[in-house]
Amino acid sequence: MGRLETDELEALPAQELHDRAVRYAVHHGDLAFLWELLKMIPAAEASTGNEEETANELSRVSALLSDAVAAGEGELGEALRPFYIEYLARHPEA
């Protein structure tokens with residue numbers, strides 16, 4: 001399927017927009033988009049008035065952040081050493 005114009009995208013149901021966007025991001029390794037999506041979900045839940053689900057989403061995002069913070073420990077930290085070294089070499093001011 002070719003590129004859709006904004007007006008055509010606006011006409012699509014939210015579920016189709018989600019499926020297309022996530023499928024594309026996963027296929028292209030666009031982790032920045034997926035991370036932004038994760039960060040936006042709690043606020044989107046809050047806008048629907050579903051406070052319980054908002055708390056659940058915040059808990060899930062918090063768990064992901066906790067995993068990221070702890071990812072320097074033990075065997076996981078050792079497995080990620082090359083990733084950290086490459087990143088820090090590109091950002092010597094860190």
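This tour of a predicted model visits its salt bridges and then a nonpolar patch on its surface.

**Salt bridges**

Three salt bridges turn up in a search of the whole structure.

Start with helix H2, residues 14-27, and select Glu-16 and Arg-20. Their side chains form a salt bridge, with N and O 2.9 Å apart. The two residues are four apart in the helix, about one turn. Glu-16 has a relative accessible area of 30% and is partly exposed. Arg-20, at 24%, is partly exposed as well.

Next, go to helix H3 and select Glu-36 and Lys-39. A salt bridge joins this pair, and its closest N and O atoms are 2.9 Å apart. About one helical turn separates the two, because they are three residues apart in helix H3. Glu-36 is partly exposed, with 38% relative accessibility. For Lys-39 the relative accessible area is 42%, so Lys-39 counts as partly exposed.

Then select Glu-78 and Arg-81. Here the side chains meet in a salt bridge with an N to O distance of 3.8 Å. Glu-78 counts as exposed because its relative accessibility, 53%, is over the 50% cut-off. Arg-81, at 43%, is partly exposed.

**The nonpolar patch**

Finally, select Trp-35, Leu-38, Leu-64 and Leu-65, which make a nonpolar surface patch of about 310 Å². Helix H3 (31-47) and helix H4 (51-69) are the elements that give two or more residues to this patch. End on Leu-65, which lies in helix H4. With a relative accessibility of 41%, Leu-65 is partly exposed.

Conventions
Residues are numbered from 1 along each chain as its sequence is written. This is a predicted model: local features need pLDDT of at least 70, side-chain atom pairs count only at pLDDT 80 or more; totals for chains, interfaces and linings use all residues. Side-chain values use heavy atoms; hydrogens and water are left out. Patches are made of residues with over 30% relative accessible area and no salt bridge: like charges are joined within 9 Å, nonpolar side chains (Val, Leu, Ile, Met, Phe, Trp, Tyr) within 5 Å. Accessible areas come from the Shrake-Rupley method with a 1.4 Å probe; for residues, only the protein chains shown count as cover. A salt bridge is a side-chain nitrogen of Lys or Arg within 4 Å of a carboxyl oxygen of Asp or Glu. Buried means under 20% relative accessible area, exposed over 50%, partly exposed in between (1.4 Å probe, protein chains only).
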